[in-house]
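Please read it alongside the sequence and the model.

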Amino acid sequence: MLASGINILFEGQNMARLMSGLAVTIKIALIAVVLSLIFGVIFGIIMTSKNLIVKAVCRFYLEAIRIIPILVWLFLFYFGLTRAMGIHLEGEFISIVVFTMWGTAEMGDIVRGAVTSMPKHQTESGLSLGLTKMQIYRYILVPQTVRRVLPGAINLATRMVKTTSLVVIIGVVEVLKVGQQIIEGGILNTPAAPLWVYGFIFFLYFILCYPISIVAKRLEAKWQS
Amino acid sequence: MDWLFIERNIPLYIEATKLTLGIGALGVVLSVMIGFLCSMVRYYRVPVLNRVVGIYIELSRNTPLLIQLFFLYYGLPKIGIKLNAFVIAVIGLTFLGASYMSEAFRGGLEAVNKIQEESGLSIGLTKPQLMRYIILPQALAIAMPSVGANVIFLLKETSVFSAIALADLMFVAKDLIGMYYKTNEALFMLVVAYLIILLPISVIFSVLERKARYAGFGN
């Protein structure tokens with residue numbers, strides 16, 4: 001009876017529904033990751049500023065995002081912001097905003113670390129060779145910074161994919177919610193449904209994240225020097 | 001902001017904070033212990049176990065805690081394993097945390113210079129002595145910042161336990177919003193409660209990190 005529970009995954013439209021739920025998960029993660037990469041690079045460069053006020057503001061933003069759990073941020077925006085502004089915002093939109101804020105902060109810190117760890121003599125050697133400022137960025141600084149940023153950025157991406165599982169709590173219909181619906185629909189005929197459905201979603205997340213973290217690990221090993 | 005409402009509901013938050021801290025502390029301690037064992041298994045490349053630990057680490061690091069909890073809480077009873085929510089929460093947090101801790105310790109162990117090991121052996125230390133007096137003190141100092149980051153990460157992850165019906169901070173906040181529609185007050189207290197838990201820990205670890213830096217040798 002237990003093994004037959006696996007059938008619930010293939011009954012009717014169930015598999016297609018799970019996949020469309022997964023698509024929502026991937027969509028949120030993808031948009032948030034891309035936006036975080038763009039804003040994160042900008043934020044990281046701003047963070048390298050020597051202006052004390054700019055530095056303090058950036059630091060505050062980063063620490064505030066880091067110290068408060070993402071789920072709390074989701075609640076703050078989903079319940080707090082909509083209440084304060086008197087409008088209803090979709091959970092999906094809210095989650096993209098929150099994940100982008102978080103990703104921007106984390107990505108910014110990675111970029112800042114990479115930029116500030118670049119030895120000064122790299123720029124100076126470039127200048128003494130007679131390169132222009134643009135050329136120094138194009139051929140010397142950016143390629144080296146990218147190497148230092150990329151493994152961390154990819155790790156961040158897997159973390160963001162994993163964290164998208166939280167959006168179910170603010171009412172977004174993604175893979176986990178679809179899973180719950182399927183379980184509720186089939187629990188009478190298949191009591192073992194939760195085991196199989198949640199097990200399957202567990203597996204889905206794994207095959208989503210594992211390749212990305214392998215890439216990060218490879219890059220790290222290859223560029224470590 | 002309705003301060004009276006806040007004052008009246010502080011006891012609820014205190015109870016929830018205790019629960020969050022209880023699960024968090026148990027989870028962190030177990031994670032550190034199991035994580036340390038796992039890192040030892042990987043360091044000495046214990047046959048078979050090394051493989052098992054490797055698979056466990058990949059599984060746990062590449063799946064979200066929420067899904068792990070759902071699987072444990074709703075799935076396992078179907079094959080006759082019934083545990084209460086508190087135990088599930090601790091097991092879930094440990095399952096997630098031990099792999100992160102193991103990676104942190106492994107990073108520390110691998111960063112210890114090979115010369116240290118060889119010098120130790122050449123002055124006649126036994127393998128356990130080498131580990132106890134030479135490698136571990138240095139490895140732990142190096143691993144300290146990542147262990148600290150993991151502790152904070154794990155405490156933040158406790159926020160998902162409301163999903164398996166534990167009356168933690170998120171649960172209380174959601175309840176108050178649902179019952180009284182006091183959104184601002186409930187969210188305000190939620191943030192304050194998390195700050196009270198996490199800020200001191202964050203400060204403690206940054207102090208420890210600065211101290212541990214002195215322990216570095218040869219670099």
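Residues 93-111 of chain A are 100% helix and 0% strand, with end C-alpha atoms 26 Å apart. Helices (H or I, at least four residues) and strands (E, at least two) are DSSP runs numbered from the N terminus. The model is predicted: local features need pLDDT of at least 70, side-chain atom pairs count only at pLDDT 80 or more, and totals for chains, interfaces and linings use all residues. Residues are numbered from 1 along each chain as its sequence is written, chains are lettered from A and ligands numbered from 1 in the order written, and side-chain values use heavy atoms, without hydrogens and water.

**Annotated spans**

An unreviewed UniProt entry lists "transmembrane region" at residues 24-48, 60-81, 93-111, 164-183 and 195-216 of chain A. For chain B, UniProt (unreviewed entry) gives this feature at residues 21-43, 83-101, 130-153 and 187-208. Positions follow the numbering used here, feature names are shortened, and annotations may be inferred rather than shown by experiment. Some of these spans are set out below.

| Span | Helix | Strand | End C-alpha distance |
|---|---|---|---|
| Chain A, residues 24-48 | 96% helix | 0% strand | 36 Å |
| Chain B, residues 21-43 | 100% helix | 0% strand | 32 Å |
| Chain B, residues 130-153 | 100% helix | 0% strand | 32 Å |

**The second largest pocket**

This pocket holds about 1100 Å³ of space. Its lining has 35 residues; A:I45, A:T48, A:V115, A:T116 and A:Y137 lie nearest its centre. Which helix gives the most to the lining? α6(A) does, with 12 residues. In chain A, α1, α2 (52-67), α4 (91-116), α5 (120-128) and α6 (133-163) each supply at least two lining residues. A pocket is an open set of points on a 1 Å grid over the protein atoms alone, where a 1.4 Å probe fits, with protein on both sides within 12 Å along at least five of seven lines; lining residues have an atom within 4 Å of a point.

A:I46 sits in helix α1 (residues 14-47) of chain A. A:I46 has a relative accessible area of 39%, so it is partly exposed. A:F206 lies in helix α8 (residues 193-223) of chain A. A:F206 is buried because its relative accessible area is 16%. Buried means under 20%, exposed over 50%, and partly exposed in between (1.4 Å probe, protein chains only). A:F206 and A:K162 are 44 residues apart in sequence, yet 9.1 Å apart in space, C-alpha to C-alpha.

Notes. Points joined across faces, edges and corners; volume = space filled by probe spheres on them.
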